[in-house]
Amino acid sequence: PFGNLSDCPNGSRWIMDVFNECAQDSRDVASIVLGLGSIGCFIAAAFPQFYQACRTGIMDQALSIYFLLGWLGGDLLNLIGSFLADQLPLQVYTAIYYVLADLGMLSLYCYYRVKNGGRAFPAPINAAFVFLSVGSLSSLPLLGSASTEDPVTFRGRSLLSAPGDELGSKPFSRTEIIGFTIGSISSVLYLCSRVPQICTNYKRKSTSGVSYSLFALVMLGNSLYGISVLLKNPEPGQGQGDYILHHLPWLVGSLGVLALDVVISFQFLAYREGRPGALEERDALLGEQDES
């Protein structure tokens, strides 16, 4: 259905129809354009790593499994939020794509782990994978039913990723609280996923097998997303502080991940001419022994 301009009298009709967003001035339009740009960056981020994995064949040594699982967990919660809020098809399809891209990267990791003769995953990792894949997806119908009890919606990591904006004097609704909680957990998972990757790079003293374009696109996407949220005008009667509060989990997640990705960027600079990682050295020595 077409958007309703009754609450947005000076807004753009086509933006309301396509994105269900009220764009009354240039700030709102810029916010939407930057939000779309961030989505494009997130969509394209996985492709360079796929290419790098196929080119080097050491994805299982280059990437941390906890990095991939944390990223998958954050995107699964974002997908749950999309269903809970009954979002527009663009946002739902984008959330589904994020999860499929994560699963593709995780499958490629498992393939190279088996191909390179790696050991089986320990029980905690298997349990985490099963919990993320089965537990989160099976809870979608339960969470989706909550949206019928309260018309207020929130948004996951989509165009503006935020709970439905209310007047500053009104408390959080039940759906907003659920959305705020899911957004907070999702942001924590995104943040925690970077720490194992930073440790993996440090232990290997190398970033070979890792595509910097992956992190560069994610950094650009998070930057555009953060700016788009800050540019958006608060709702009538809503203060700037209350607007920031409603967006806080997603802002902390995006800007926090951006800071950690800067650390990974410095690792790429520090290790660009470094020695091979310990795992690569071990594989090389084993190969020489087999030949002899």
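**Transmembrane annotation.** I looked up the UniProt record first: its unreviewed entry annotates "transmembrane region" over residues 29–51, 63–84, 90–112, 124–144, 177–193, 214–231 and 251–271. UniProt positions follow the numbering used here, feature names are shortened, and annotations may be inferred rather than shown by experiment. The model is predicted: local features need pLDDT of at least 70, side-chain atom pairs count only at pLDDT 80 or more, and totals for chains, interfaces and linings use all residues. Residues are numbered from 1 along each chain as its sequence is written, and side-chain values use heavy atoms, with hydrogens and water left out.

I checked two of the annotated spans. Residues 29–51 are 96% helix and 0% strand, with the end C-alpha atoms 35 Å apart. Residues 251–271 are 95% helix and 0% strand, and there the end C-alpha atoms lie 30 Å apart. Helices (H or I, at least four residues) and strands (E, at least two) are DSSP runs, numbered from the N terminus.

**Helix packing.** I took H10 (residues 212–231) against H11 (residues 240–270): the axes come within 9 Å and cross at roughly 155°. H10 is therefore roughly antiparallel to H11. Axes are lines fitted to C-alpha atoms, for helices over the stretch in contact, and angles run from 0 to 180 degrees between N-to-C directions. Under 35 degrees counts as roughly parallel, over 145 as roughly antiparallel, 65 to 115 as roughly perpendicular, and the rest as oblique. The H10 and H11 crossing is left-handed. Left-handed means the near helix is turned anticlockwise from the far one by less than a right angle; clockwise is right-handed.

Next I took H2 and H10. Their axes come within 8 Å and cross at roughly 160°, so H2 is roughly antiparallel to H10. H2 also passes H10 in a left-handed crossing.

**Aromatic pairs.** I found 7 aromatic pairs in the structure. Rings of Phe, Tyr and Trp (its six-membered ring) pair if their centres lie within 6.5 Å; planes under 30 degrees apart are stacked, over 60 edge-to-face, the rest tilted. Phe42 and Tyr98 have ring centres 6.1 Å apart and planes at 85°, so this pair is edge-to-face. Phe42 sits in helix H2 (residues 26–44) and Tyr98 in helix H6 (residues 89–115), so the pair ties together parts 56 residues apart in sequence. Both Phe42 and Tyr98 are buried. Buried is under 20% relative accessible area, exposed over 50%, partly exposed in between (1.4 Å probe, protein chains only).

I then looked at Tyr111 and Tyr112, an edge-to-face pair at 5.0 Å centre to centre and 75° between the planes. Tyr111 is partly exposed at 48%, whereas Tyr112 is buried at 7%. One aromatic cluster takes in Phe67, Trp71, Tyr212, Phe215 and Phe268.

**Charges over rings.** The criterion: NZ of Lys or CZ of Arg within 6 Å of the ring centre and within 35 degrees of the ring normal. Arg194 lies over the face of Trp71, 5.1 Å from the ring centre. Lys205 lies over the face of Tyr202, at 3.7 Å.

I followed Lys205 into the loop between helix H9 (174–204) and H10. Lys205 is partly exposed at 28% relative accessibility. Its phi is near 55°, positive in a residue other than glycine. Most residues other than glycine have a negative phi.

Leu248 is in helix H11 and is partly exposed at 36%. Its C-alpha is 8.5 Å from that of Ser184, 64 residues apart along the chain.
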